[in-house]
Amino acid sequence: MPTPPETLTLERLPTPVGEAILVTDGEGVLRAFDWTSHEARLRLLLRRQNPPTILVEGRAPAAIRQAVDAYFAGDLTALGAIPWRTGGTDFQRSVWAELCTIPAGRTVTYKQLAERIGRGSAVRAVGLANGANPVGVVVPCHRVIGSSGGLTGYGGGLERKRWLLTHEGASFRAAA
């Protein structure tokens, strides 16, 4: 007998850089964070990385909403209090865990990130794992930049990445 789908709650929350989508499970754990402009991507990642799920509109736990609001209001450490859980491969989860060690205001390159997980030659795979992160901002994939110090891809769009890094006081090379 197949396992019944897990019910996840989806809430839309305004932020200074667009409307965010928070997806939480029945235990109040964040399972996805993305932007309404990228909702199709969010739904695809949820399908790929989780058992079958049903999304229902509702409210995320108050502590998660408050942490997101606090981050955007300037408390750059607030997101660290949010419990999160993902699917994905062991490799992807190792990349996402390492992303959480990059403090606000700092950036690393994809190569540095690969080296930090002991897989220095896996730069491309690290980039793909970074791009498959279902809990963006909370798991700060936006803190990874190109080897030139410039901004490279971000699932939420480069303008949003630029805003997030500027908000955090990070140094990066502006596009020419």
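Read along the sequence, the protein runs through its elements in the order β-β-β-α-β-α-α-β-α-α-β-α, a total of 6 helices and 6 strands, where helices (H or I, at least four residues) and strands (E, at least two) are DSSP runs numbered from the N terminus. The radius of gyration is 16 Å, close to the 16 Å that the globule rule gives for 176 residues, so the protein is as compact as a globular protein of that length; the radius is taken over C-alpha atoms, and the rule is 2.2 Å times the number of residues to the power 0.38.

The model is predicted, so that local features need pLDDT of at least 70 and side-chain atom pairs count only at pLDDT 80 or more, while totals for chains, interfaces and linings use all residues. Residues are numbered from 1 along each chain as its sequence is written, and side-chain values use heavy atoms, with hydrogens and water left out.

**Overall dimensions and surface**

Along the principal axes, the C-alpha atoms fill a box of roughly 50 × 35 × 25 Å. Of the 176 residues, 45% count as buried, a class that means under 20% relative accessible area, with exposed meaning over 50% and partly exposed lying in between (1.4 Å probe, protein chains only). The accessible surface comes to about 8,500 Å², of which 55% belongs to carbon and sulfur atoms; such areas come from the Shrake-Rupley method with a 1.4 Å probe. Among contacts with a separation of 6 or more, 57% are made by residues 24 or more positions apart, contact here meaning heavy atoms within 4.5 Å. The protein has 20 positive and 15 negative side chains, and the centres of the two sets lie 7 Å apart; Lys and Arg count as positive and Asp and Glu as negative, without His or the chain ends, and each charge is placed at NZ of Lys, CZ of Arg, CG of Asp or CD of Glu.

**Aromatic cluster**

The structure holds 4 aromatic pairs, for which rings of Phe, Tyr and Trp (its six-membered ring) must have centres within 6.5 Å, with planes under 30 degrees apart counted as stacked, over 60 as edge-to-face and the rest as tilted. Two of these pairs share F72, and both are edge-to-face.

| Pair | Centre to centre | Angle between planes |
|---|---|---|
| W35 and F72 | 6.5 Å | 75° |
| Y71 and F72 | 5.0 Å | 80° |

W35 and F72 are both buried, F72 at 12% relative accessibility, and Y71 counts as buried at 0%. Ring pairs join F33, W35, Y71, F72 and W163 into a cluster.

**Individual positions**

A78 lies in the loop between α2 and α3 (90-99) and is buried, with a relative accessible area of 10%. Beyond residues up to four places away in sequence, A78 touches A67, A70 and Y71, whereas the C-alpha atoms of A78 and R124, 46 residues apart along the chain, are separated by 30 Å.

K111, in helix α4 (residues 110-116), is partly exposed, with a relative accessible area of 42%. Leaving aside neighbours within four places in sequence, K111 is in contact with G120 and V123, and its C-alpha atom is 21 Å from that of G156, 45 residues away along the chain.

V137 sits in the loop between α5 (123-131) and β6 (144-145) and counts as buried at 2% relative accessibility. Phi of V137 is near 70°, a positive value in a residue other than glycine.
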